[in-house]
Amino acid sequence: MTNQALIDALRDADAVQYGEFELSHGGTSDYYVDKYLFETDTHCLELISEAFAAEIDEPKLAGVALGAVPLVAVTAVETGRPYVIARKQAKEYGTGNRIEGRLDEGEEVVVLEDIATTGTSAVEAAEALREAGAVVNRVLVVVDREEGAAETLAEHDLELDALVTASELLADQ
């Protein structure tokens, strides 16, 4: 799906940067998509929540902590659907939960994520949700960097859908 308004908003928020960048998985890239710039921009958040809402059929949303928490929150408000937050690891205090929020056995959940590169964090979130009893078949991201996430997710019986691909985002730049 090409969403030119979202692409323009990401660029206008200076979320697409060029140079030499180290990525979270240890690789390097000549461009970087700064999720914190687009996740703190109200216009970007509005467009993302509207675009996510148009793509969601599942009754419950899940956001990967920390990056996707603003995305899942605004999308929950946009859709009226409840959400949970999947932590990278169980917290070591309080309840010690890995999944925050109410999740019932057998609930169908879509995982929302900011950027997919290798897909590892989305797989880990989906597996944590599955261990907690959820049915998870799909991950929906703002930007797919097209660096293997779809293949990694497919190996775990997960479909990757993206609002924007790196090819679309970087076109004509």
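Reader: Hi! Which residue caps the N-terminal end of helix 3?

Author: Hello! That's Asp41. One of its side-chain oxygens lies 3.0 Å from the backbone nitrogen of His43. Keep in mind that this is a predicted model.

Reader: Noted, thanks. How many residues does helix 3 have, and how far does it reach?

Author: Helix 3 covers residues 42–55, so to speak 14 residues. From its first C-alpha to its last it reaches 20 Å, close to the 20 Å expected at 1.5 Å a residue.

Reader: And which of the residues of helix 3 are buried?

Author: Cys44, Leu45, Leu47, Ile48, Ser49, Ala51 and Phe52.

Reader: How do strand 6 and strand 7 run, parallel or antiparallel, and how many bridges join them?

Author: They run parallel, and eight bridges join them.

Reader: Nice. Changing topic: what aromatic pair does a search of the whole structure find?

Author: The search turns up one pair. Phe21 and Tyr32 are its members, with ring centres 5.3 Å apart and 25 degrees between the planes, and the pair is stacked.

Reader: Where in the chain do Phe21 and Tyr32 sit?

Author: Phe21 is in strand 1 (residues 16–22) and Tyr32 in strand 2 (residues 28–33). They are eleven residues apart, and the pair links distant parts of the chain.

Reader: Why does Phe21 count as buried? And what about Tyr32?

Author: Phe21 counts as buried because its relative accessibility is 19%, and the cut-off for buried is under 20%. Tyr32, at 26%, counts as partly exposed.

Reader: What lies over the face of Tyr31?

Author: Arg145 does, at 4.1 Å from the ring centre.

Reader: One last spot, Leu103. Where does it lie, and is it buried or exposed?

Author: Leu103 lies in the loop between strand 5 (99–100) and strand 6. Leu103 is buried, with a relative accessible area of 18%.

Reader: What is Leu103 in contact with, leaving aside neighbours within four places in sequence?

Author: Lys60, Val84, Val109, Leu129, Ala132 and Ala134. As for Leu129, its C-alpha is separated from that of Leu103 by 8.7 Å, and the two are 26 residues apart along the chain.

How values were computed: Residues are numbered from 1 along each chain as its sequence is written. This is a predicted model: local features need pLDDT of at least 70, side-chain atom pairs count only at pLDDT 80 or more; totals for chains, interfaces and linings use all residues. Side-chain values use heavy atoms; hydrogens and water are left out. Rings of Phe, Tyr and Trp (its six-membered ring) pair if their centres lie within 6.5 Å; planes under 30 degrees apart count as stacked, over 60 as edge-to-face and the rest as tilted. Helices (H or I, at least four residues) and strands (E, at least two) are DSSP runs, numbered from the N terminus. Buried means under 20% relative accessible area, exposed over 50%, partly exposed in between (1.4 Å probe, protein chains only). A charge sits over a ring if NZ of Lys or CZ of Arg is within 6 Å of the ring centre and within 35 degrees of the ring normal. The expected span of a helix is 1.5 Å times one less than its number of residues. A polar contact is a pair of N or O atoms within 3.5 Å; within protein, one must be able to donate a hydrogen and the other to accept it, and residues adjacent in sequence count only if both atoms are side-chain atoms. Contact means heavy atoms within 4.5 Å. Two strands pair if DSSP finds at least two bridges between them.
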